[in-house]
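The following questions and answers work through one protein chain, from its overall make-up to single residues. Please look at the structure first and keep it in view while reading.

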Amino acid sequence: MGGCAAGTLLAVAGGTGARAATRTTASTTASTTASTTASTTASDDAALQAAISDLSHPPATSAQLRVDRRGDGWYGTAGTADIDSGRAVRPDDRFRAGSVTKAFVATVVLQLWAERRVELDAPIGRYVPDLLPAAFARRITVAQLLNHTSGLPDHRGIPDDSTPEAVLEHRWDRWTPREWVETVTHDPLKFAPGTKQEYRGINYVLLALLIEKLTARPYGQAIASRVLHPLGLTRTLLPGQDPRLRGPHVHGYLRMTDGSLRDVTVYNQSSAWGEGELVSTVDDLFRFQHALFSGALLPPHALDKLFTLPPDSVRMLDGSPARYSLGLQTATVDGVMFWGKTGETPGYRTRMFATRDLDLRFVLSYTPTPLTTQEEMTNRVVAALIG
C-alpha cells in the first residue's frame with residue numbers, strides 16, 4: 001500500500017467541478033521565519049483548483065487539497081463526499097489514509113529510540129521473539145524494518161485482491177497480526193538485510209508489534225497518547241476491527257469490471273493492521289505534518305533519521321536510488337525535494353508531502369474509482385505548487 005513516489009511525472013491540468021475553495025494567510029512560525037512570505041495570486045489559486053477538479057484523470061468521485069506556501073494557506077475541494085446525497089467534501093470529513101499510518105508508527109518507534117528503550121541497530125528478534133524464523137529474527141534490525149531494507153520474502157496464502165470483485169469478496173476477512181506475519185515465513189530472505197530496498201507493509205506490522213512489546217499497550221493507544229492527544233488530532237484514529245467510518249466521512253467507491261460502481265467505505269482493515277489502517281482528515285494530517293517536521297514530536301537527533309536515506313550503494317530492486325528513510329519517502333521534482341508519505345486503500349488515496357523547511361507543503365486526499373491509478377492528480381498538484 002502507498003508505495004508510489006509523489007510527483008514523479010508532471011502534467012498540465014484543467015477541469016471543472018469545483019465545490020469550494022478558501023485561502024488563509026497563516027502566521028509565520030519559527031520554522032519559516034527565514035522564508036519570504038508571498039501572497040497566493042488568483043492564478044495560483046486557479047491552478048490548484050484545476051489540479052483537483054479534473055475528476056476524470058484519474059476517474060474519482062471527490063478530491064480535497066490543503067496547501068501552504070511560505071505561510072499562505074489554501075484549501076479546495078471537488079466532487080462529492082457521497083454520490084447519493086451529493087454533499088460537498090469538508091475538511092473535517094474522515095477518510096481512510098492507508099500507508100500514511102507508517103509515518104505515525106515510525107514517529108513512535110523513534111520516540112522510543114530517543115528514550116533509549118530500543119536500539120535501531122538491534123535485531124528485531126531481541127524484542128519480539130518467536131514471530132519470525134530465527135535466521136530472520138537475528139539478522140533483520142529495527143532500522144531495516146523502518147527503511148524497508150529487511151529483505152523479507154513475499155506473502156504466501158493471502159487472498160488475491162487484484163480485481164475489484166475480489167476486494168469486495170474479501171473486505172470482511174479478519175486477520176490477526178501474528179497470522180499476517182506468518183505468511184512471510186515460508187521462503188528464504190529475498191536479499192541480505194540492509195543491501196537493497198523494497199517497500200513492504202509487513203515491515204511496519206512488525207514495528208507495531210514492537211511498540212506493543214515496549215509499551216505494554218495496543219499500538220493504537222501508544223500512538224494516541226504520544227501523538228494524537230498532544231496534537232489535538234481528534235478526528236484521527238486506528239479503527240482495529242471496526243469496519244465502519246464513524247461520523248462525517250468521505251465515501252470510497254470501486255468501479256467493477258461490468259462498469260457498475262460499488263461503495264467500499266465499510267471495510268475491515270485487519271490485513272492493514274500496523275501499516276495501513278489509519279483514519280484521518282486533511283486538517284489533522286496537515287497539523288501532524290507541521291508538528292513532525294518542526295520537531296514538536298521528536299528531538300533533533302531522532303528527527304534527522306526521518307530525513308536520512310540509506311547509502312548510495314543501497315538501491316531499489318529495479319536499480320533506482322533508494323527513496324525511503326526511517327519513516328518517510330522522498331521525491332524530487334524540478335530540483336525541489338519533497339518528503340512525506342503516500343497512502344492508499346481501495347477507494348482512497350492520500351498524499352502528504354512537504355519540503356524539509358516546510359516552505360511548500362500539501363495534503364491531498366481523493367477517491368479514485370479504479371482499483372489502480374496513475375499519479376495524474378498528484379502530479380498536477382505538485383506542478384501547480386512549484387510552478
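Helices (H or I, at least four residues) and strands (E, at least two) are DSSP runs, numbered from the N terminus. This is a predicted model, in which local features need pLDDT of at least 70 and side-chain atom pairs count only at pLDDT 80 or more, while totals for chains, interfaces and linings use all residues. Residues are numbered from 1 along each chain as its sequence is written, and side-chain values use heavy atoms, with hydrogens and water left out.

Q: How many helices and strands does the protein chain have?
A: Counting DSSP runs as defined above, both kinds of element are present in the protein chain. The totals come to 11 helices and 13 strands.

Q: What percentage of the residues in the protein chain is buried?
A: Buried means under 20% relative accessible area, exposed over 50%, and partly exposed in between (1.4 Å probe, protein chains only). Applied to the 387 residues of the protein chain, the buried share is 58%.

Q: Which residues have the most contacts inside the largest nonpolar core?
A: A nonpolar core is a set of buried Ala, Val, Leu, Ile, Met, Phe, Trp, Tyr and Cys residues joined through side-chain atoms within 4.5 Å. The largest such core has 80 residues, and helix α7 (residues 202–215) gives the largest share of this core, 10 residues. Apart from it lies another core of 22 residues, among them Leu48 and Val381. Inside the largest core, the residues with the most contacts are Phe104, Val142 and Phe288.

Q: Which residues is Phe104 in contact with, leaving aside its neighbours within four places in sequence?
A: Contact means heavy atoms within 4.5 Å. With the sequence neighbours left aside, the partners of Phe104 are Ile223, Val227, Leu228, Leu233, Leu278, Leu285 and Phe288.

Q: Which helices do the buried residues of α7 pack against?
A: Helix α7 has 14 residues and reaches 20 Å from its first C-alpha to its last, close to the 20 Å expected at 1.5 Å a residue, where the expected span is 1.5 Å times one less than the number of residues. The helix is mostly covered, with 12 of its 14 residues buried, including Ile202, Asn203 and Tyr204. These buried residues pack against α2 (101–114), α4 (142–146), α6 (177–182) and α8 (219–231).

Q: Is Ala216 buried or exposed?
A: Ala216 is found in the loop between α7 and α8, and has a positive phi of about 60° although it is not a glycine. Its relative accessibility is 70%, so Ala216 counts as exposed.

Q: What is the relative accessible area of Arg70?
A: Arg70, in the loop between β2 and β3 (72–79), has a positive phi of about 55° although it is not a glycine. Arg70 is partly exposed, and its relative accessible area is 31%.

Q: Where is Pro58 found?
A: A cis peptide bond, with omega about 0°, joins His57 and Pro58. Pro58 is found in the loop between α1 (42–53) and β2 (60–69).

Q: How far apart in space are Ile52 and Gln64, C-alpha to C-alpha?
A: Ile52 lies in helix α1 and, at 0% relative accessibility, counts as buried. Not counting residues up to four places away in sequence, Ile52 touches residues including Ala63, Leu65, Trp74 and Val381. Ile52 and Gln64 are 12 residues apart in sequence, and their C-alpha to C-alpha separation in space is 7.1 Å.
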